[in-house]
Amino acid sequence: MSIQTASAYSGLSQVPRVPLNSAIDLGGVYATPAGGRVFHVRGDGSSILAYDDQYGQNTADMNQKLWPSVASVLPYCVASRGDRIFVHPNHTENIASADAWALVAGLQIIGLGQGATRPTFTWTVAGSTLLADVAGLSFQNIRCLCAGPAGTTALTVAAPLTVSGEGTVFSDCYFEIGIDADQLCTDFCNVTAANVGFYNNVIRGLAQAATPTSAITLTGADYFKFIGNHCKAAMSAAAKGFIANSTTASADIVIHDNSFHQWKSDSSACISFAANSVTTGVISNNRFRVMGNSIQPVVYSGTGVDVQLFENYCDDTANGNGALVVGAGTSA
């Protein structure tokens, strides 16, 4: 090593320390702080699924690498820090009480895996609820068995999901809202906040006999977005839709590029804005399937409702080719 090079190396100790909340210029590239803390979850709600010892051990400074449940991590999350919880494949956890999770603003819960290997959360008692009641939450790629575990024990979960946190997003998730005639939800999801989004999710009832009273009800849900979702279930009434409004206005909503199958044997509607409120927005490029002969897949009869409909199609027969929805019915 030359004297000049050695001198350069010895000078490294004189480089001032950079605060962790600052970006570092690496010469054409900036390294920025990670932001929030990252947690990893893999277990059955109470114990870690220990495929090996590496991730079940504590490090020397007692920072745990793996957690048995989302609930066990939440006390260590900090609001608006940008914390993320990665939930590993085959994780299972029960939602067994009212307001089961103490969520913090800006938290992301990210599921890993595909299909049935995705993390699975099961609502197990009638009063169990998940309240998304703080701003900026994100739920990605998780399975939510909102009507309970498959089996023979009757269970009606009254209101599994309530969203009152502004900007909450659900993407690529699976929501099971009914299993059979005595295992189902009453009201799957009530949305009472602005800028809530559902993207590329599946909302599913497993049988015609499983008939939730409602799926998603909008109450003051301005700028609500429901895009790219697939919904199939039987609602409690023929004209009851997967998405409905309340008497409180929801402005400038967007319902776009979804598939809806209202599975009730005499169903006529997939979206129902029958309540009197100033519900406004755009409903476009959706595909509706109903089972009855009286067809109005989008009900907009409530006083004050003003929605714009573009390029929506409806089919009311097996193996049918959907026709363009015009007015209260359809036209080829």
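F175 and F198 are both buried, meaning under 20% relative accessible area with a 1.4 Å probe and protein chains only, where exposed is over 50% and partly exposed is in between. This is a predicted model, in which local features need pLDDT of at least 70, side-chain atom pairs count only at pLDDT 80 or more, and totals for chains, interfaces and linings use all residues. Residues are numbered from 1 along each chain as its sequence is written, and side-chain values use heavy atoms, with hydrogens and water left out.

**Aromatic rings**
- The whole structure holds 14 aromatic pairs, counted when ring centres of Phe, Tyr or Trp (its six-membered ring) lie within 6.5 Å; planes under 30 degrees apart are stacked, over 60 edge-to-face and the rest tilted.
- The F175 and F198 ring centres are 6.3 Å apart with planes at 55°, so this pair is tilted.
- F175 belongs to strand β14 (residues 174-180) and F198 to strand β17 (residues 197-199), 23 residues apart; strands are DSSP runs of E, at least two residues, numbered from the N terminus.
- One aromatic cluster includes F139, F170, F175, F198 and F288.
- K232 lies over the face of W263, 4.3 Å from the ring centre; the criterion is NZ of Lys or CZ of Arg within 6 Å of the ring centre and within 35 degrees of the ring normal.

**A244**
- A244 is in strand β22 (residues 243-245) and counts as buried because its relative accessibility is 7%.
- The C-alpha atoms of A244 and S272 are 4.8 Å apart, although 28 residues separate them in sequence.

**V326**
- V326 sits in strand β31 (residues 323-326) and, at 48% relative accessibility, counts as partly exposed.

Methods: Helix = DSSP H or I, 4+ residues; strand = E, 2+ residues; numbered from the N terminus.
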